[in-house]
Amino acid sequence: MPFSRALNAGLRKALADSDRVLLMGEDIGKLGGVFRVTEGLQAEFGERRVLDTPLAESAIIGTAIGLAMGGFRPVCEIQFDGFVFPGFDQITSQLAKLTYRHEGALQMPVVIRIPYGGHIGAVEHHQESPEAYFTHTPGLRVVSPSTPNDAYWMIQDAISSPDPVIFLEPKSRYWQKGEVDASARALPLHASRVVRRGTDVTIVAHGAMVATALQAAALAEAEGTSCEVVDLRSLSPIDYGPILDSVRRTGRMVYAQEASGFTSLGSEVAATVMERAFYSLEAPVLRVSGFDTPFPPAKLEGIFLPDADRILEAVDRTLAY
Amino acid sequence: MTPSEDTSLVRVLAADGSLAPTAAAERYLPLIDALAESELETFYRDMVVIRAFDREATNLQRQGQLALWPPSLGQEAAQVGSARAARPQDHLFPSYREHVVCTIRGVDPVDIIRVMRGLTHGGWNPFDPKNGNTHVYTLVLGAQTPHSTGLAMGITLDGRSGTGDLERDEAVIVYYGDGASSQGDVHESMVFAASYQTPQVFFLQNNQWAISVPVSTQSRSPLYLRGEGIGIPSVQVDGNDVLASYAVSKVALDEARAGGGPRAIEALTYRMGAHTTSDDPTKYRTSDEERSWAERDPIERMRVFLRGRGASDAFFADVEAEGRALAEDVRTRTTALETIPADLIFSNVYSDPHPLVDEQRAWLAGYEASFEEDPS
């Protein structure tokens, strides 16, 4: 089933399982959201469970906080990545800190769903990679599924979490199909996963870039280089076990991301791998990322966003050491 | 700046303490007539006693015992009136100057002190019944308004308001100031409240100054009109008149809890002290202005009113003594507040375990232990 339908199924299951779960956001009711992720849910669960809100991101997050104080588990949809910033204070200064401020007397089970990333040819503010802002903020958990099966399970796990979860949906993956196994959860929410075995270089990626990394690994194999690919899945906290195991075997690592490289996920993972697996490394950890520029006009995004060739160029560089 | 004298202002007590209701106050008079003498005395007692606490806290800051203190001096009537109008089941969302509100609802004044002494970011559990559903202070202006609206939305979804039983139906009141009224969150929150018809009262204390910036920079029209523009019935009240503040709050809360949707109140008052103890009001306002507001002091006004009704010297002496006792108690307990364990840094960042926080907690413990002297 397509990624967006898997999310829809996961949300439907969460709504059916608990009447404390609410969906709220702009155009998520009759329209089903601009990406149709919530399609049909208002018809099924009613306007009291699936709320079309006024157009005000700070209040969407802020009222979700108040609803959580009242024992609800709100799931907010932010329509596009670039529109999360009007709600940024409520996420980083309020939502992230309320449990700490209340010395544990209060939990904040709020999920913020954000379609993010490029490759859909959209206009300005409709393609951003804001993950580093949120991973830098203590109190938030940040996750990003890359497959329909993960989308189905991770959204349910995020809703079950007593902590606030920033749920980043790689929008270029919405239409990608994959198997969903509704009978069993594959992994816990915060586990990373080796998605391809290899022996020469470890490629770590998250979100939409996992597919690009797999593409690069397939191309490398044709040229005789064996790449292992790790899907981060959870951006905060990061599950370093599979990454370090992999690097200790391959001795080389490349981090691939759409986001700008400066103070990014790739920077963080590279630093930690250097600290913890220094004697296993045969080459410096390399980052492949978007440039440190604003996201460009859509006609240039193909140059801005790393593709398989850019990843392979980095793989070759690590092998040259 | 003086309170608007337009006909819409609700005032019951004139500045000289005489009963002189404005036309807009007429509809509220039965509520005031219904107050027992003991309730009138409670209003006065609240104002005097908590002013004594506020003055003591200011002194404690001057003596280096607190990092900061935002005085509530002068705003007692708006806070007492609104907080005494709330029913026990109501939820109250203060910003950071509502010491009077919090104390009336049961929050220990020393719990407020702990915030300003740097011992906690919260100070009390709003869900502990002894704190009267009073939420913790929020320092980002207006940020608490959408929280209050969300909680009120939840009350509606749970069917805990609008049932026709005013003794059980719940409402929410949120406090903010004239400076915060410029914040987007306040407007967004009002839009949500109007859209979802929340059982909620927006209580704006217009104390004329946002640190050094006068209210005329925040708004060229009376602030209560903003509620009207969003579809929220709104009232302007003399916030230095505890009787009027009580009555408009009581009516607004009951209308909201009965299912009538949100209400907004602008209480015209004056911050007689500094914005906080870090501030110097002499740099931006005149002594004439301060004097003109001192003549409208909410406590003095109520004192004259009660005196005219025959309150005894013993009553006033008793209230003064109670204020002194509270101040002394706060001083004693403040200086006895102990340091907090370093581990608090790592507690409650998340509700579920988080490896990064756990690693750093363990690292700090090991690092601290490395300084322990070797007994040999």
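**Figure 1. Accessible surface of chain B in the predicted model.** Chain B exposes about 15200 Å², and 53% of this area comes from carbon and sulfur atoms. Accessible areas come from the Shrake-Rupley method with a 1.4 Å probe, and for residues only the protein chains shown count as cover. Of the 376 residues in chain B, 56% are buried. Buried means under 20% relative accessible area, exposed means over 50%, and partly exposed lies in between (1.4 Å probe, protein chains only). This is a predicted model, in which local features need pLDDT of at least 70, side-chain atom pairs count only at pLDDT 80 or more, and totals for chains, interfaces and linings use all residues. Residues are numbered from 1 along each chain as its sequence is written, and chains are lettered from A in the order in which they are written.

**Figure 2. Fold and dimensions of chain B.** Chain B contains 14 helices and eight strands. Helices (H or I, at least four residues) and strands (E, at least two) are DSSP runs, numbered from the N terminus. The radius of gyration of chain B is 22 Å, close to the 21 Å from the globule rule for 376 residues, so chain B is as compact as a globular protein of that length. This radius is taken over C-alpha atoms, and the globule rule is 2.2 Å times the number of residues to the power 0.38. The C-alpha trace of chain B spans about 85 × 50 × 40 Å along its principal axes.

**Figure 3. Fold and surface of chain A.** The secondary structure of chain A consists of 12 helices and 12 strands. Along its principal axes, the C-alpha trace of chain A spans about 60 × 45 × 40 Å. Buried residues make up 62% of the 321 residues of chain A. Chain A exposes about 11800 Å², with 53% supplied by carbon and sulfur atoms.

**Figure 4. Interface between chain A and chain B.** At this interface, 44 residues of chain A are in contact with 44 residues of chain B. Contact means heavy atoms within 4.5 Å. The size of an interface is often given as the accessible area lost when the parts come together. Between them, chain A and chain B bury about 3400 Å², 59% of it on carbon and sulfur atoms. A:Y100, A:R101 and A:E103 supply 19% of the area that chain A buries against chain B, more than any other three residues. Buried area is the accessible area (1.4 Å probe) that two parts lose on being put together, summed over both.

How values were computed:
Side-chain values use heavy atoms; hydrogens and water are left out.
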